[in-house]
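Dear colleague,

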Amino acid sequence: MMKSLVFYCRAGFETDLSDEISAKSAEMGVYGYPKYTKHSGFIEFVCHQQSDAELLIKKLVFSNLVFARQMFLSAPLIEDLDTQDRIAALVEVAQSFPLCGDIRVEYPDTTEGRELSKFCRKFTVPLRQTLRKQNLITSKEMKNKPVLHAFFLNGSEVYLGYSFTFNNNPNPLGILRLKFPTNAPSRSTLKLDEGFQTFIPTNERAKRLAAGMHAVDLGACPGGWTYQLVIRGMFVQAIDNGAMDQALMDTGQVRYFAEDGFKYQPSKKNVYWLVCDMIEQPQKVARLMAKWIANEWCKEALFNLKLPMKQRYESVKKAIQEIDEVLSKQKLNYQLQAKHLYHDREEITVHLRLL
């Protein structure tokens, strides 16, 4: 009986993810309850009916989930694994799965979980070989087949299940790992890089992240986000009262304006990208972003919303509602996605696009 879905998240955000999944599933007429331990880096959502779990794994759109890094349909937690022969128990459970095209052996992104990384890496090879011999996964990786997940909590406990490639995260552990560029002025640069790679499809980046575009960075200093625009060949208006990184200014691609980001207005309607990483209440930032889109001061915006310590999902919903109220009033068509990215901390990244 597979009545559960397992979702990965950043440690400490289990309550927020549980609130989100409970709300999203209820909207679909699916009811269940979340199970989690704080700071564990994952939750289990148990549906009342097996058919409901199978519906969720296909119809709950992963890209629309804010706090989830990964999700898969799971068999009940396998406990007390025989450490001398873990594979036998996993093969027995996997007999009821559809034919899978790949396998991922993973662990929670926590201090304790990461201690399993070496074990999981080594365990993947013999598990894959055995599953192939049993015809439970294809002889070669096939991306049009489900992905089999083995999610180890420790050496003797594992969730085993599967996800669909059209509705999951393709990255191991649900994490897009990026290398920090040594000449970037701050580590916040990785947030914008991850945002671009997450929200802009690969085949559209040449058009929508093109050299020669004009961009505005609100709250730019010292220039971590401006850096990502500059290396893509854009011309940037950097708005802040602080000091910008001199190397960025020396590129000739950046014009600096010592102004309040909430008051600044572009002098021309030639701005394609607006980016913003200002520390302010999420609803206030959301209204500002909606204003830029509504006035057609930009075509696309990518920004962070700093979240409170509690009721984060409620805060996200209110911020998105603020945007919808502004844009719906003018009958504008738009696309919005929000994600708690790997390089985010107490914040989420939102992509807003005028269609």
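I begin with Lys 329, which lies in helix 11, spanning residues 312–329. Helices (DSSP runs of H or I, at least four residues) and strands (E, at least two) are numbered from the N terminus. The relative accessibility of Lys 329 is 71%, so this residue counts as exposed; the term exposed means over 50% relative accessible area, buried under 20%, and partly exposed in between, with a 1.4 Å probe and protein chains only. Ala 294 is 35 residues from Lys 329 along the chain, and their C-alpha atoms are 9.5 Å apart.

Please note that this is a predicted model, in which local features need pLDDT of at least 70 and side-chain atom pairs count only at pLDDT 80 or more, while totals for chains, interfaces and linings use all residues. Residues are numbered from 1 along each chain as its sequence is written, and side-chain values use heavy atoms, leaving out hydrogens and water.

Turning to the whole protein chain, the secondary structure consists of eleven helices and 14 strands. The chain is as compact as a globular protein of 355 residues, because its radius of gyration is 22 Å, close to the 20 Å of the globule rule (taken over C-alpha atoms; the rule is 2.2 Å times the number of residues to the power 0.38). The C-alpha trace spans about 65 × 45 × 35 Å along its principal axes. Of the 355 residues, 53% count as buried.

Yours sincerely
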